[in-house]
Amino acid sequence: MGVVVTFNVTEVLEIPIGVGSITVESLLYFAVILVVGIAVARVVSTNVRRALMERLPKSERELLVKLVYYGIVLWALVIALPQLKFDLSGLLVAGGIAGLVIGFASQSVVSNLVSGLFLMFEHPIKIGDGINVAGVSGSVEDIRILSTIVKTHDGIFTRIPNEKVFTSNITNYVHNAARRFEYQISVRYEDDADAAIRIIKEVIATHPFALKSPSPSVFVDNFGDDGVNLTAYIWAPARNWWDVRTSLLWQIKQKLEENGIEMPYPQRTVWFADELKVTTGDTGKCGAEE
């Protein structure tokens with residue numbers, strides 16, 4: 001007489017863990033969620049790498065891509081673990097406490113990181129721009145995850161935290177294609193102001209980098225103590241405006257002098273009394289000693 005042994009397959013495949021048990025179905029769900037999470041992480045990290053290809057150096061770009069990749073994988077793992085009857089309540093409490101401690105200790109770092117991400121996507125500045133931010137003027141040398149490097153006009157490299165950059169007023173001198181500058185030019189009262197204006201406009205028109213649109217403007221601004229004050233507004237390409245500004249003024253001076261128009265010198269009129277009276281201390285009378 002044979003002995004028949006029967007058993008339940010599901011009971012054999014159940015592995016007790018804590019208060020629950022793992023089944024084949026839960027294992028499949030766990031694997032599917034994890035695989036989908038990894039696939040999503042790869043797609044997102046690839047798109048992030050492409051979007052930041054020309055905005056960040058390779059080392060910082062790859063670091064950010066890894067943070068995005070592993071962050072999504074970790075998020076998928078947290079979602080998948082309950083399928084294995086894994087109780088995350090204790091882990092979440094411990095992680096929450098640790099997160100609070102780390103958050104308070106590194107809030108400036110996180111703030112700079114978030115500000116750096118906003119700067120990368122908003123694009124108020126880019127490498128090579130001439131800017132003024134937080135009292136520092138110069139050209140942008142690098143935009144990093146936590147800070148921005150500015151090279152001042154004196155050749156000094158200054159590191160500015162991204163939080164300070166993002167929350168400060170940013171003056172970008174080259175964001176617009178053209179930039180205006182002005183001259184204050186004085187001519188003598190006896191000179192012809194209309195002729196001076198015509199000559200100045202002719203000199204501006206001959207300069208290769210002085211823009212015709214927007215057109216320059218030259219006019220009588222006010223009457224000074226020593227002469228007529230003219231104001232000239234001139235537009236130049238933003239990246240060439242300094243060279244135009246420094247060279248054009250001397251050309252205007254030379255051309256005015258060639259046409260007999262000169263800059264006025266300060267003049268003062270001094271009046272003398274007809275007679276010089278000397279008061280003697282003894283008699284109080286006026287006179288001259290022989």
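What share of the contacts in the protein with a separation of 6 or more comes from residues 24 or more positions apart? That share is 62%, where a contact means heavy atoms within 4.5 Å. Keep in mind that this is a predicted model: local features need pLDDT of at least 70, side-chain atom pairs count only at pLDDT 80 or more, and totals for chains, interfaces and linings use all residues. Residues are numbered from 1 along each chain as its sequence is written, and side-chain values use heavy atoms, with hydrogens and water left out.

On to the overall layout. The protein has 8 helices and 10 strands; these are DSSP runs numbered from the N terminus, H or I over at least four residues for helices and E over at least two for strands. Of its 290 residues, 28% count as buried, that is, under 20% relative accessible area with a 1.4 Å probe and protein chains only. The protein exposes about 20,000 Å², with carbon and sulfur atoms supplying 60% of that area (Shrake-Rupley method, 1.4 Å probe).

Now look at helix α2, residues 24–51. Its 28 residues reach 41 Å from first C-alpha to last, close to the 40 Å expected at 1.5 Å a residue (1.5 Å times one less than the number of residues). The buried residues of α2 are S26, F30, G37, A41, S45 and V48. An α-helix has 3.6 residues a turn, so residues three or four places apart point the same way.

Over in helix α5, residues 107–122, you'll find S115. S115 counts as buried because its relative accessibility is 6%. Leaving aside residues up to four places away in sequence, S115 touches N162, E163 and F166.

Then there are the pockets (open sets of points on a 1 Å grid over the protein atoms alone, with protein on both sides within 12 Å along at least five of seven lines; lining residues have an atom within 4 Å of a point). The largest pocket has a volume of about 300 Å³, counted as the space filled by probe spheres set on the points, which are joined across faces, edges and corners. It is lined by 16 residues, and G130, H153, V174, A238 and W241 are the closest to its centre. Two or more lining residues come from each of β3 (130–133), β4 (136–143) and α8 (241–258), and α8 gives the largest share, 3 residues.

The second largest pocket has a volume of about 160 Å³. Of its 11 lining residues, E54, R55, K126, I127 and I143 are the closest to its centre.

How values were computed. Buried < 20%, exposed > 50% of the residue type's maximum accessible area, 1.4 Å probe, protein only. 1 Å grid on protein atoms, 1.4 Å probe; cavity = no way out; pocket = protein on both sides within 12 Å on 5 of 7 lines; lining within 4 Å.
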